[in-house]
Amino acid sequence: MQLEIDSIRRSFGGTPVLRDISFALAPGTIGCLLGPSGCGKTTLLRIIAGFEAADAGRVLADGRVLTAPGVQLPPHERRIGMVFQDHALFPHLDVLANVAFGLHDQPAAERRARALELIDAVGLAGLAARRPHELSGGQQQRVALARALAPGPQLLLLDEPLSSLDAELRRQLGAELRQILKRYGTTALLVTHDQQEAFAIADEVGVMREGRIEQWATPYDLYHRPATRFVAEFVGSGTFVVGRCRADGTIDTALGAASALHAADCPCTPGSTVDLLLRPDDVVHDDASATTAEVLAKAFRGADFLYTLRLADGTQVLSLVPSHHDHHIGERIGVRLETDHVVAFEPLA
Amino acid sequence: MAAPRSLLSLALALLLSAGCSQPGAPTPAAATDAAPPASSPEVVVYTARKYQLVEDLFAEYTQTTGTPVRAVTDDAGPLIQRLRTEGANTPADLFITVDAGDLWFAADQGLLAPLDNATLTANIPANLRDPANRWFGLAVRARTIAYSTTAYTPERFASEVKGYADLAGPAWKGKLCLRSSKHVYNRSLVAALIARYGEPRTEEIVRGWIANLATEPFSSDTLLLEAIIAGQCAVGIVNHYYLGRMIADQGAVPVAIRWPDQDGAGAHVNISGAGLTTHAKNRDAAVRLLEWLSTAEVQARFAAANQEYPANPQAQPTDIVRGFGDFLRDPIAVAEVGRLQPTAAKLMDRLGWR
Amino acid sequence: MALSTAAAAREVRRHPRPDRGPLFVAAAIAALPLTVLLALALSATGAPTEDMRHLFEHVVPGVLLNTVVLVFGVTLLAGLLGTALAWLVSTYDFPLRSLFAWALLLPMAIPAYVLAFVAIAGLDFAGPVQTALRGIFGPDLRLPPIRSTGGVILVMSLALYPYVYLLARGAFATQGRRALEVAASLGLTPRQSLLRVQLPMARPWIAGGMALVAMETLADFGTVAVFNYDTFTTAIWRAWSALYSIEAALQLAGLLVLLVAVALAFEQRAQAAQRHTALGGTAAPRLRLRGWRAAAATALPASVLLSALLLPGIALLSWAARHAAEDLDADWWAAAGRSMALGLMAAALVCTLAIALAYAVRVRSDPVTRGLARIATLGYALPGAVLAVGVFVPMAGLNNLLESAARAVGGDWPGYLQGSVAVLLLAYAVRFLAVGHAPIEANLGRITPRIDDGARLLGATGFALLRRVHLPLLRTGLLTAAVLVFVDVMKEMPITLMTRPFGWDTLAIRVFELTSEGEWTRAALPALAIVLVGLLPIALLLRRADRPDRG
């Protein structure tokens, strides 16, 4: 299903929560709204589901109006499924009955077959007779997914689907979730504050801040080509260093010159100063480099270390270094810049 | 239907066998020879006659004699059970009921002590007390016929109804109101009829009454009288004092009393009476209270509180009650009526008088 | 996945090793009514078979049918009313909704027997309503009689629906919006949601309320007596007071208890595995109704309140005003004080026992403990008068024993055990444990084992767990239980009559004494006082319940 969000506005008690939100999802795409809590992403999801009304703007599904001024299609007529953050399984029903819950217009045998198929698809074969309280958190979320998918919704909304699970389970279930959604070709929209969750599941991600979408892009572009300073800071880790633009298009920094510039939107004019975003993988450890930095902190992450380094001018940067380079805190190590997509913003006032 | 019934009988059997294997409620006999504790200057009364009808007299007695009177009210059944259960340890000295049957039963259970007392035998006529003097009537109430004076002139009604049996005739179809058979007053009346006519004839009369009912039986005589006034029924059987109270409350009402069977056995009367308990701790004080209650002066007020007839012939009823006129009372001993009450209850059950 | 599933299942079944303590607690509490029942059975020595034959031939078949009709009728109607009203006020917004939300609970303060005598005095043929109508439409106007099966069912339902309303409202309120949203996202219309989600999820609470109504109906004597509607209780009374056969009466009572036990066992079975926690989400926003829907939504609670509270209240007030001058003396105030004192003491005792019982079952959930809990709450279905005898017999026996013992050692037994407030309170506890147990158990059911685990990890176990974690979470359930018991004790008649010590005449006893002499209008004053005193704690309960954010 083609989902189209057109100029949605919503405020609560005079405080705008959504300010002119527009985006579209192509059929079969998994979209994601990523943002800190309070950015309005959940409100938008609830407007799409029909649980809340919008003050202005439209929600369309394949051109059909779901929400528009004067139009508010009730949730149960939207054919939109939803997976809730707290799973929200019906405690009075077993797994089979929970999954079959939305299949109310079919013969019992078909309902059962469809429900069992989905229980199998989410990897819970054999647990159909369990009660929700007899399941682990991850299992409960699988049931919630199966239940939402069973009626074959045009669109599936997922509200922080993995946030109540532990990290390991989140990674595993995220990948699985994406697989299942792709298998059924479901158009889906999830909201989360966790970029790992967003990147693991979504094809496209919109980063939201204070009721606006700051950038709508693929996870790769969000990470490497953030459109705003907020996106740059919110997605992935990184630090800003001061850079001076030179006439040849390169930027001079305390780590040396950044060679390649992010093509568009660079506020560089020769001689001006910019803030340059450096991802940890942009700063490479190189004993041969003339530029050195002091190790302030280090975090062992298995394959590599994440070093927090202080440059000569006091600027701190992060650097991802293969873990056989084990340096002590206080040690000075050589570093250099290795950038594919340097991102620069005008310095803060 | 088979399963539930067998379940019932199984349950019953279990209960019965459980019951039979063990002696029943504690019997009082064992402790009687023990000396009662020293008499304290108070009387404890178990009374089925309600508190508002006795409290003023008890208060007055306490004031004049200095003897406190403590009363526990309840229906007669629970009070009798309480006496039975407490046995020799009962705190009760006097037992007061509003029905001869209850007195008879209490006496029959050995809960009341015989009392040869000249004052009491002089004040209370023989037919209003136990032949063995275990209880004494204190007030008399008549269960009589009341009819609507809107529907009938006294002359016409008198010509059509001479007694209880006449109300069973087809002329009264849809015009008769009765109180519930669960009340002791009706049970007592039917018991008196059984004593008078025998069971088969009584059954005929009661069957006729039920066939003539204008509406379901009422739960109280007051409601019944109101139904006569409202025109729901033309005639009913009530205790005379309910009409007396109504007149005392509201003035004249369009209901009159027809004393039944004045050419024959007379109107059925019942008593509210008292007896000394077998295990009374304050025997002398209790007897003094009982004597006091039987004196003509107190009798008048005892009866007046409820528009009844005093048991002591020296005392006069209220003006309202005197206005009902003199009448012939059924002379049958109230003890006999008490004895026949279970028979009466079964008869009413059989005929479906609710 | 399979491995972690098994582990999860083990995790859920894992419980701290059950010790024997809880079992003993449950057994001790269950022993109260068991002693009563045993006493009843033992005192029923060889009833005259003639009497039993008579009762079974002429009385029992009729009253059995009547009882079944009454219990089914009242339970269904009160269940329907209570559930519908609770659903209405928690799902929709309409004029006067917030007023109705708490006012609908107030009729709980009106004893059913009071509502009955008001209804008959007001609505019977001779009452003011029909008299006025005959004045308009002529003397031959005949309306359906109020003194009928339908009438008694209606009146008892109006008096008892608040039990269902109270529990159902709590259930609907705590379901939150999430359940409805899930259902809507799965394509269910609001009406389908009601049937498939809201009602099934509220079922344990609704069923609990209906069970209370059913037991209250079974045990009722006052209301059916006013209506002259013969039930099993009437038959017991008949055997006792008319046939002078306490033995036959007790055997009938035993039979009644057995029937109740069987019915409850079925109910229990149907409820098995139904206890669960609620779905999350904030309280659902109420949907605003407009136009005729709003009018209809206002009309239903309004008419219930009018007939169950306002009109009876006005009638009581007008009657009470007639006698207030002469009856409102020091004695009267003392009676009101004793009613309240007994209510408070009984509420404290019952709540303590109910918590102990609920915990015993929670900690040690084997069939034996659950069965004991069931027995412990059986007293609610026993007619009060019979239960009073059942308490009285063993107490008097004990008293006599102590007296003999005292005398044997040359001493003197000072008091009458059966005449102490303790006995009265014990009888109340046997009678009303079910009332206190239901809300506490329901509330406890919502405290998930995870909370227990969390607290245990922090070092709170056993009594500390109860005091520091559960009691605060149980406040609502405890308060509900205490209020229900308090109000019930205020209304209670037969047990108070039979087991009260000297001088403990209460308001309900005043009502009894006056109504049994046909003095309906004079009974209005104490009846009104019972209603008013009962309203206070109910209002307190409501103030709390209207703040769903609290435990």
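## Domain contact in chain B

In this predicted model, nine residues of domain 1 of chain B are in contact with eleven residues of domain 2 of chain B. On the domain 1 side of this contact, the elements that give two or more residues are α4 (100–108) and β4 (136–148) of chain B. By class, that side of domain 1 of chain B has three nonpolar, four polar and two charged residues.

The domain assignment builds each of these domains from two segments: 41–140 and 270–318 for domain 1 of chain B, and 141–268 and 340–351 for domain 2 of chain B. Between the C-alpha centres of the two domains of chain B the distance is 28 Å.

## Chain B as a whole

Chain B contains 14 helices and nine strands. Of its 354 residues, 56% are buried. Taking the contacts in chain B between residues at least 6 apart in sequence, 78% join residues that are at least 24 apart.

## A helix pair in chain C

Two packed helices are described by the angle between their axes and by the distance between those axes. In chain C, the axes of helix α8 (residues 190–219) and helix α16 (residues 421–445) come within 11 Å and cross at roughly 180°. Because angles over 145 degrees count as roughly antiparallel, α8(C) is roughly antiparallel to α16(C).

From α8(C), the residues in the contact are C:Pro204, C:Trp205, C:Gly208, C:Leu212 and C:Met215. They meet C:Ala434, C:Val435, C:Ala438 and C:Ala442 of α16(C). The residues of this contact divide into eight nonpolar, one polar and no charged.

Strands of a sheet pair through backbone hydrogen bonds, in either a parallel or an antiparallel sense. In chain A, five strands form an open sheet with antiparallel pairing, in the order β2-β1-β4-β5-β6. The edges are β2 (15–25) and β6 (71–72) of chain A. Each of these two strands has a single partner strand, so one side of each is left without a neighbour in the sheet.

Within this order, strand β1 (residues 3–12) of chain A pairs with strand β4 (residues 56–61) of chain A in the antiparallel sense, over five bridges. A:Asp6 stands opposite A:Arg58 in β4(A).

Definitions and conventions
Residues numbered from 1 in each chain as written. Chains lettered and ligands numbered in written order. Predicted model: local features only at pLDDT ≥ 70, side-chain atom pairs only at ≥ 80, totals over all residues. Axes fitted to C-alpha atoms, helices over the stretch in contact; angles between N-to-C directions. Helix = DSSP H or I, 4+ residues; strand = E, 2+ residues; numbered from the N terminus. Parallel < 35°, antiparallel > 145°, perpendicular 65-115°, else oblique. Contact = placed C-beta atoms within 7 Å. Nonpolar A, V, L, I, M, F, W, Y, C, P; charged D, E, K, R; others polar. Domains from an automatic or database assignment. Pairing = 2+ DSSP bridges. Buried ≥ 20, exposed ≤ 12 C-beta atoms within 10 Å, placed from the backbone.
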